[in-house]
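Here are my comments after a pass through the model. Have the coordinates open while you read.

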Amino acid sequence: MRRLPVFVLLLATLTACGQSSGGGGGKDCPAMALMEGVSLDVPPEAAAGRTRVSMEFCWAGKCVTEAAELTPSSRTEDQGCVGDVCSGKAVPTGGKHAAVPVQGLPLTPVKTTVTFDDGKPHFLDVTPVLGYPAGEECGGGVPVAKLVVGPGGEVRQQP
């Protein structure tokens with residue numbers, strides 16, 4: 001729970017994207033940021049009994065261990081539009097997710113161990129990529145990786 005304020009603060013941090021990329025025809029970039037770190041999605045069929053996750057990341061002779069609560073996942077259900085105003089509502093999917101901030105992630109393979117409540121470790125190599133909150137032309141790229149749990153409980157990286 002203590003990571004939620006950090007996550008919200010990171011998302012609220014302004015980047016250089018807040019300025020237009022130049023005169024005449026330049027793209028206006030929103031003032032938003034992306035959290036450097038790893039996200040994990042657990043589909044409904046694998047979510048039962050999982051409430052927490054611990055992740056260890058090792059690269060360049062150092063290891064970082066972070067833990068997070070798995071929180072309910074949702075999707076947006078379109079509620080339609082009235083004139084220029086459109087709305088939607090969050091609908092639970094039955095799945096769970098976590099976002100784990102990891103400072104200094106390289107863009108090279110990282111030895112990763114993912115452990116859920118059952119204590120069984122899942123080992124994989126994760127290669128972070130540069131993620132951009134509003135597109136590469138707006139800048140603000142940070143190393144990110146997305147992990148998913150498969151139907152058999154295995155953990156893999158999703159492109």
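1. Ground rules. This is a predicted model, where local features need pLDDT of at least 70 and side-chain atom pairs count only at pLDDT 80 or more, while totals for chains, interfaces and linings use all residues. Residues are numbered from 1 along each chain as its sequence is written, and side-chain values use heavy atoms, with hydrogens and water left out.

2. Disulfide count and pattern. You'll find three disulfides here, a disulfide being a pair of cysteine sulfur atoms within 2.5 Å. Number the bonded cysteines of the protein in sequence order and the pairing reads 1-6, 2-3, 4-5.

3. The link between Cys29 and Cys138. The S to S distance is 2.0 Å, and the link is left-handed, with -85° about the S-S bond. This pair ties together distant parts of the chain, 109 residues apart: Cys29 sits in the loop between α1 (3-12) and β1 (37-42), and Cys138 in the loop between β8 (129-131) and β9 (142-149). For those labels, helices (H or I, at least four residues) and strands (E, at least two) are DSSP runs, numbered from the N terminus. Cys29 and Cys138 are both buried, where buried means under 20% relative accessible area, exposed over 50%, and partly exposed in between (1.4 Å probe, protein chains only).

4. The link between Cys58 and Cys63. Their sulfur atoms are 2.0 Å apart, and the bond is right-handed, at 115° about S-S. Is each end buried or partly exposed? Cys58 counts as buried because its relative accessible area is 18%, whereas Cys63, at 47%, is partly exposed.

5. The link between Cys81 and Cys86. Here the sulfur atoms lie 1.9 Å apart, and the link is right-handed with 105° about the S-S bond. Cys81 has a relative accessible area of 48%, so it goes down as partly exposed.

6. The open sheet. Four strands make it up, in the order β3-β2-β6-β7, with antiparallel pairing; two strands pair if DSSP finds at least two bridges between them. The edges are β3 (62-69) and β7 (121-126), each pairing on one side only. On average, neighbouring strands of this sheet are turned by 20° against each other, direction ignored; axes are lines fitted to C-alpha atoms, for helices over the stretch in contact, and angles run from 0 to 180 degrees between N-to-C directions.

7. A closer look at one strand pair. β2 (residues 52-59) and β3 pair in the antiparallel sense over eight bridges. Trp59 stands opposite Lys62 in β3.
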